[in-house]
Amino acid sequence: MSYSLKSRFLLILTFCIVGFNTAFAQSGISLYHLTNSTYQGSNFNPAFFPEGKTFIGLPVLSGIMIDYNGRVNYEDAITTNENGDREWDIDNFVNNAKKRNYISMEAELSTLHIAWRKSKTQAFSIFVRERIGARGFYGENVVKTAWYGNTSIVGDEIDLSRTALDVRYYREYGFGIWRSIPNRGINIGVRVKFLNGMVSAVTDNKFDGSVGFEENSYNANFDLNSATVNTSGLNILDSDELTSHMISNGNLGAGIDLGAHWKITNELSAAVSVNDLGFIRWKVDPENYLLADTTFRFEGINLGDVGSFEDAYLDSLQNRIQDTTLYRAYTTGLNTTSYASLMYQLTPNDRFTGSIAAHIVRGNFRMIYSAAYTRKVGRVLDVSANVSRIPQQGIDLGLAAAVNFGSCQIYMASDKLLRIWDVTKIDALDFRFGFNLVFNGKGKSPKDDNSDLMHPSPYGKKEKVEKSDGIYWIIRKQKPRPVYEKSNFKDY
């Protein structure tokens, strides 16, 4: 590997260690609690299909999402010195690091969605979304060693086993099917997705390693296994092929979303979903930066033979590690999310919900627990408030609202509101906004075929199936009995 390629590898590995590592995907728990008030509810559970006939989302305007979750805020990173000037406070940043830390950044743009209800019990949708994400873990000893040197962890080691990189940008084209089974109180949804990857940079799932420092000699013991960084599309970003690459390319994949909503009683219901089960095969502009599996003891260098200590130290390390670059296609799985909820409908317009969300990125689980209250105000407003326990952020407050103006619907949601009023203390941000067109079809709801009232007749097997609302049997109108004239009878 050339020196420039080595530098590039080390730069990517530095990103892994310092920040963009394995973490959980976006939350969205507040918008989720609006269930089928908006079309966007189907992004969390395909069984949530909104009321109405036809739904159209305009490019970009129908869905914008930004989500950030980190360890450091402005107040932690910036300080004022004796002269009144602001400067970086790296010491405070390092000292605030926990044993396990992570950072995640996500963004989504809805390019298009069209959904329509064929009948009261069946509906379909097509959609296109741009999805961008960078996520990760980093350890306390990593940042302390980077800033203070190895003296801070003499006798200890840097555990690299959970260090990984996951940066990707891809587009999804999807087709959804929604089905209601009224007599069983079940709604189900399935969304099948065709995926086209644009850019990727990920570490090997099997990456493991450690760097330990001996207490007396300060010698370093290196142990590295499956240290690989795979990239795709990075060289195209500054080439003439960028435009055609962003329209369509050979990085192809597939995914599926599954969801169900079960009405247990008139008041109690449950919902569960699993989203983003799938993969992408990265074949365009692939590069694989590999360090050979190795274990060695580094005892330093002879300062009498070198001119620059820094260059000599790095050269000595590089000479001990065998590295190479390959150009092979690779496959990554999608970052799966799942939601489970139990809902209690206090009144037709008031609902309480308890939810658990699991976000899985390359085998790592991050859990969100939430309790919400949702209120429907006529046909104009749906609003939800929730309290959630979010990883690394603790307890936070979320709000979501959907406002309807005729055929126009505007929705907004955020999961992280407690610290939003003080910008200097924000270390997490979640914001979702969109504009939908909703058409109800001649102003009327879909015709009720009373299929949910069908039950076997109690009058015998020869009778046709009758309809019942659970209290009364609905019997078809019978023909009146014939009326006979008195003259037709004999008098005795």
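Predicted model: local features only at pLDDT ≥ 70, side-chain atom pairs only at ≥ 80, totals over all residues.
Visitor: Let's start inside. Which residues have the most contacts in the largest nonpolar core?

Guide: The general idea is that in soluble globular proteins, nonpolar side chains tend to be buried together. In this model, the largest nonpolar core has 16 residues, and Leu31, Tyr32 and Tyr339 have the most contacts inside it. At least two residues of this core come from each of α2 (29-32), β19 (337-347), β23 and β24 (408-414). Helix α2 gives the most, with three residues. Apart from this core lies another one, of eleven residues, including Val142 and Leu224.

Visitor: Why does isoleucine 395 count as exposed?

Guide: Exposed means over 50% relative accessible area. Isoleucine 395 counts as exposed because its relative accessibility is 51%. You'll find this isoleucine in strand β23.

Visitor: And strand pairs? How many bridges join β8 to β9?

Guide: Check how the strands run, then who stands opposite whom. Strands β8 (residues 166-181) and β9 (residues 186-203) run antiparallel and are joined by 16 bridges. Glycine 174, for one, stands opposite lysine 193 in β9.

Visitor: What phi does glycine 185 take in that hairpin?

Guide: A positive one, near 70 degrees; the hairpin has four residues between its strands.

Notes: Residues numbered from 1 in each chain as written. Heavy atoms only, no water. Buried < 20%, exposed > 50% of the residue type's maximum accessible area, 1.4 Å probe, protein only. Core = buried A, V, L, I, M, F, W, Y, C linked by side-chain atoms within 4.5 Å. Pairing = 2+ DSSP bridges.
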